[in-house]
Amino acid sequence: MEGRAVTPVIAVGLDGSAESRAAARWAANEAVRRGLGVHLVHAWLWQPLDVPIVQNRDTEAQRAEDVLREAADELTALHPDLTVTSEVVPDATLPALLHAAERAELLALGTKGYGAVLGFLLGSYGQQVIAEATRPVVSVRAAAGQEAGNESGPVVVGQQGGAEDSHDVLGFAFAAASARGVGVRAVRAWSLPPLYAYSPGSLYLADQAGGLEPFEKAALHEALEPWIAKYPDVPVEEHVEMGTGGQVLLSTASDAGLVVVGRRARKSAIGTRIGSVAHAVLHHAPCPVAVVPHA
């Protein structure tokens, strides 16, 4: 089915690869859970190559349409009642996907797996889209064309800072868990201030670090309280551990169906970045990862 996107939808960046088709299937499953539609987007801009080969604009345009049609047919076969729309966007990939994300509840992108050592590859534009999108972006893992992750596993979410800092991230995680009928595993990582590493008593302080953990647990619980009240159907596991954010999140996500991390929606002096925690989880988590921008 072709046409303009309707709201609300989950948008999918589709390029015809097995990974993008896996992202489309994930989006369809998630849309059914949430009562949304799916909008498939394929960026195609006719740019004749300066090489001595035959190029046909109409043929290339038809290929772009075929990518969408084949994916839409697959999703409709899997979910006959799902509303699927599609659109060939006459623009470069990055602006096309960013525009699609702005009009959707979230954007799904495919990620290619390279094994446990190398992790996952976001693709040419994936990291840029995640860094600049104003809406949540979900990176869907694909191995041999199949989605990775445990569909019945918990939603694992990283919580940092105070309650206001993690409001959007926790809200996304609880909504996803409620729609899936699973629990939330909320994770907060902490470490000693760098100053302690240079003080004579640093080893003693490290031995006594357990005395600081109750404060971290209290901060996590405070951030979770409004969401526990809003989603009483969602079981919650609170996990606080000393270590880096990426390490702790990955160590608790082996059985996850979805990992949710935040990204500060601001630009640094060297451009827009996704942050070290999101970067680590995106490349090494064994399941889809949602990156939620927040102020």
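How many residues apart in helix α2 are Arg-69 and Asp-66? They are three residues apart in that helix, which covers residues 57-78, so about one helical turn separates them. Helices here are DSSP runs of H or I with at least four residues, strands are DSSP runs of E with at least two, and both are numbered from the N terminus.

Before I go on, a word on the source. This is a predicted model, in which local features need pLDDT of at least 70 and side-chain atom pairs count only at pLDDT 80 or more, while totals for chains, interfaces and linings use all residues. Residues are numbered from 1 along each chain as its sequence is written, and side-chain values use heavy atoms, with hydrogens and water left out.

Back to that pair. Arg-69 and Asp-66 form a salt bridge, with the closest N and O atoms 3.4 Å apart. By salt bridge I mean a side-chain nitrogen of Lys or Arg within 4 Å of a carboxyl oxygen of Asp or Glu. Arg-69 is partly exposed at 41% relative accessibility, and Asp-66 is partly exposed as well, at 21%. For those words the cut-offs are: buried is under 20% relative accessible area, exposed is over 50%, and partly exposed is in between, with a 1.4 Å probe and protein chains only.

The whole structure has 15 salt bridges. Another of them is in helix α1, residues 18-34, where Glu-30 and Arg-34 are four residues apart and thus separated by about one helical turn. Their closest N and O atoms are 3.0 Å apart. Glu-30 is buried, at 0% relative accessibility, and Arg-34 is partly exposed at 25%.

Next, Arg-185. It forms a salt bridge with Glu-237, again with a closest N to O distance of 3.0 Å. Arg-185 is in strand β9, residues 184-190, and Glu-237 is in strand β10, residues 236-242, so this pair ties together parts that are 52 residues apart in sequence. Arg-185 is buried at 13% relative accessibility, whereas Glu-237 is partly exposed at 39%. Salt bridges with shared partners also make one network out of Glu-30, Arg-33, Arg-34, Glu-151 and Arg-180.

What does the side chain of Arg-185 reach at 2.6 Å? That is the backbone oxygen of Thr-252. Not counting residues up to four places away in sequence, Arg-185 touches Pro-154, Val-155, Val-156, Val-157, Glu-237, Thr-252 and Asp-255. Contact here means heavy atoms within 4.5 Å.

Now the nonpolar part. In soluble globular proteins, nonpolar side chains tend to be buried together. A nonpolar core is a set of buried Ala, Val, Leu, Ile, Met, Phe, Trp, Tyr and Cys residues joined through side-chain atoms within 4.5 Å. The largest one in this model has 47 residues, and Val-12, Val-38, Leu-40, Leu-258 and Val-260 have the most contacts inside it. Helix α5, residues 167-180, gives the most to this core, namely seven residues. Another core, of 35 residues, lies apart from it and includes Leu-107, Leu-109, Ala-278 and Cys-287.

As for Val-260, its contacts beyond four places in sequence include Val-155, Val-156, Val-157, Phe-172, Ala-290 and Val-292.

On to strand β1, residues 9-13. Five of its five residues are buried. In a regular strand the side chains alternate between the two faces of the sheet. From β1, Val-9, Ala-11 and Gly-13 point one way and Ile-10 and Val-12 the other. Five bridges join β1 to strand β2, residues 37-43, and the two run parallel; strands pair if DSSP finds at least two bridges between them. Together β1, α1 and β2 make a right-handed β-α-β unit. Right-handed means that, with the strands pointing away from the viewer, the path from the first strand over the helix to the second runs clockwise.

Last, a loop residue. Where is Asn-150 found? Asn-150 is in the loop between β7, residues 146-147, and β8, residues 155-158. Its relative accessible area is 34%, so Asn-150 is partly exposed. Asn-150 and Ala-256 are 106 residues apart along the chain, and 5.9 Å separates their C-alpha atoms.

Conventions:
A polar contact is a pair of N or O atoms within 3.5 Å; within protein, one must be able to donate a hydrogen and the other to accept it, and residues adjacent in sequence count only if both atoms are side-chain atoms.
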